[in-house]
Amino acid sequence: MLDAKLVRTNPELVAQNLARRGYELDTRQLTDLESQRKTLQLQVEELRSQRTLRSKSIGQAKAQGKDIAPLLADVESLGAELKTAEAAFEQNQQRLRELFLGLPNLLHESVPDGDSEEDNQEIRQWGQPRTLDFTARDHVDLGEGVGGLHFDRAARLTGARFVVMTGQLARLHRALTQFMLDVQTTEHGYTEAYVPYIVNRKTLTGTGQLPKFEEDLFKLEGDSEYFLIPTAEVPLTNLVADRIIEDQDLPLRYTAHTPCFRSEAGSYGRDMRGMIRQHQFDKVEMVQIVRPAESYAALETMTGHAESILQKLELPYRVVALCAGDIGFGAAKTYDIEVWLPAQNTYREISSCSNCEAFQARRMGARWRNPETGKPEPVHTLNGSGLAVGRTMVALLENGQQADGSVKLPPALWPYMGSVRTLAAP
RNA sequence: GGAGAGGUGGCUGAGUGGUCGAAAGCGCUCCCCUGCUAAGGGAGUAAGGGUUAAAAGCCCUUCGAGGGUUCGAAUCCCUCCCUCUCCGCCA
């Protein structure tokens, strides 16, 4: 959510910034609602003030044994008047709330212009893609050869966009999550968390998935309004919802390994082959809660934390700054990390690190006590994948492949794989 | 699932339908006092919002959430959520 005061006092500036995303802010509607709000709020508060004043005088008169009948007659019409005013105000508030909850975050000035993926800006590359003296196989073929990747079985169990892993690939998947968690907790100072995979509407509104992106979520049947998490960002970030954090407790760094569930509505036909785009995938997530002045430095270090996983796994990648048109709803700035996939002969997203500034904090009511002002102020929140486990497996298989279809594993994983250093046909 | 108890400020914990945003204690901040420490004395200390260019001041809201009764609700009524204890069931 944007700062209401800023939007109110400077709608043109806000509109200009949002226009970079291709979002058109109806400033006319906004200022209309706002001036309405002002009138209605003043009216309601004045009526309430009157009511309190008179009620008190009734109390006093009663205590002194005076006749209260004339006083009662005096307030008679107040109640009805207040009720109508409150109803109008509440309606106005509702509309403003809906409008505000639908506004995306303001972009940081360093975000490059552009409408789509094409315009994202490459920041740096790491590692050299191998030149193969044979035709690269993709992870589906490699998984089949090495054994343990079963899309057909998953399709029968559930449907499209699911996978079953068995044997050494299931183990590799587990090894990867353990490895990632170990690095984030022991080397980068994150506190490991175990969190619910099912959350309520308020929580998803806090991080910005709701109300706008409900169709991307899996919703549970039942009396409670529950959703499967699309990312651990949701429970982890909401850990600080409705809290005031003391300065000395910042920054907070949380990590968690969770499955993520996404309906992938609107991506029919995209990445249908393989594990790239699934309804269920595992991810190790990083979340940071920081002082506002430190959030951009934190974005750089957090991106580095994601990169270090790829470096240890010896996977070539590049970092891109998302352009204005490609950046997510709640983010002010985002770096995507894209890993090299030989079979696709291109880089594909494997991590996304975002600074949401105060956008989520305002929605959640997450604040810190600024020692300079002594007042509670919204914190800044960041989140990043560290990393998406399924896509990391894809990258490991494809980048480690040998001419005979076996797959060499990087030394960083050896301790997690027992004695296995190469995945070969069983 | 059954029976009971309870949800009040950073924490503990009082609270009568009216002057209660709420006693008291702890914690915290500032000041005083003692050579230091320990102890003691005094003052202050919730959040959100509006009005304002901003502040001061003033006003509104908030005692788990939402409704209701009333001139007036932390206090009375209804519904829901959550926590605790006992019983049952259970990974």
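This is a predicted model: local features need pLDDT of at least 70, side-chain atom pairs count only at pLDDT 80 or more; totals for chains, interfaces and linings use all residues.
**Entry 1: the RNA strand**

I began with RNA strand B and found 19 residues around it, the closest being Arg-8, Arg-37, Lys-38, Ser-55 and Arg-367; a residue is near a strand if one of its heavy atoms lies within 4 Å of it. Residues are numbered from 1 along each chain as its sequence is written, chains are lettered from A and ligands numbered from 1 in the order in which they are written, and side-chain values use heavy atoms, with hydrogens and water left out.

I then asked which element gives the most to the surface near RNA strand B. That element is α3, with twelve residues, and I listed α1 (4-9), α3 (27-63), α4 (69-101) and β13 (366-369) as each supplying at least two. Helices (H or I, at least four residues) and strands (E, at least two) are DSSP runs, numbered from the N terminus.

By residue class, I read this surface as four nonpolar, four polar and eleven charged residues; Ala, Val, Leu, Ile, Met, Phe, Trp, Tyr, Cys and Pro count as nonpolar, Asp, Glu, Lys and Arg as charged, and the others, Gly among them, as polar. Of the atoms of RNA strand B within 4 Å of the protein, 71% belong to sugar or phosphate and the rest to bases.

The side chain of Arg-369 has an N or O atom 3.2 Å from a phosphate oxygen of RNA strand B.

**Entry 2: aromatic rings**

I searched the whole structure and found six aromatic pairs, where rings of Phe, Tyr and Trp (its six-membered ring) pair if their centres lie within 6.5 Å, and planes under 30 degrees apart count as stacked, over 60 as edge-to-face and the rest as tilted. One of them joins Phe-179 and Tyr-416 edge-to-face, at 5.8 Å centre to centre and 75° between the planes. Phe-179 lies in helix α7 (residues 167-186) and Tyr-416 in the loop between β16 (407-408) and β17 (422-423), so this pair ties together parts that are 237 residues apart in sequence.

Is each of these two residues buried or partly exposed? Phe-179 is buried at 4% relative accessibility, whereas Tyr-416 is partly exposed at 23%; buried means under 20% relative accessible area, exposed over 50%, and partly exposed in between (1.4 Å probe, protein chains only).

The rings of Phe-329 and Phe-359 have centres 5.5 Å apart and planes at 85°, so I recorded this pair as edge-to-face too.

**Entry 3: the open sheet**

I traced an open sheet of eight strands in the order β1-β10-β11-β12-β15-β9-β8-β4, with mixed pairing; two strands pair if DSSP finds at least two bridges between them. At the edges stand β1 (121-126) and β4 (191-192), each with a single partner strand, so one side of each is left without a neighbour in the sheet.

I followed β8 (residues 252-261) to β4, where the two pair in the parallel sense over two bridges, with Thr-191 opposite Tyr-254 and Glu-192 opposite Thr-255. Ten bridges join β8 to β9 (residues 280-290), and these strands run antiparallel; here Tyr-254 stands opposite Val-287. Eight of the ten residues of β8 are buried.

Methods: A polar contact is a pair of N or O atoms within 3.5 Å; within protein, one must be able to donate a hydrogen and the other to accept it, and residues adjacent in sequence count only if both atoms are side-chain atoms.
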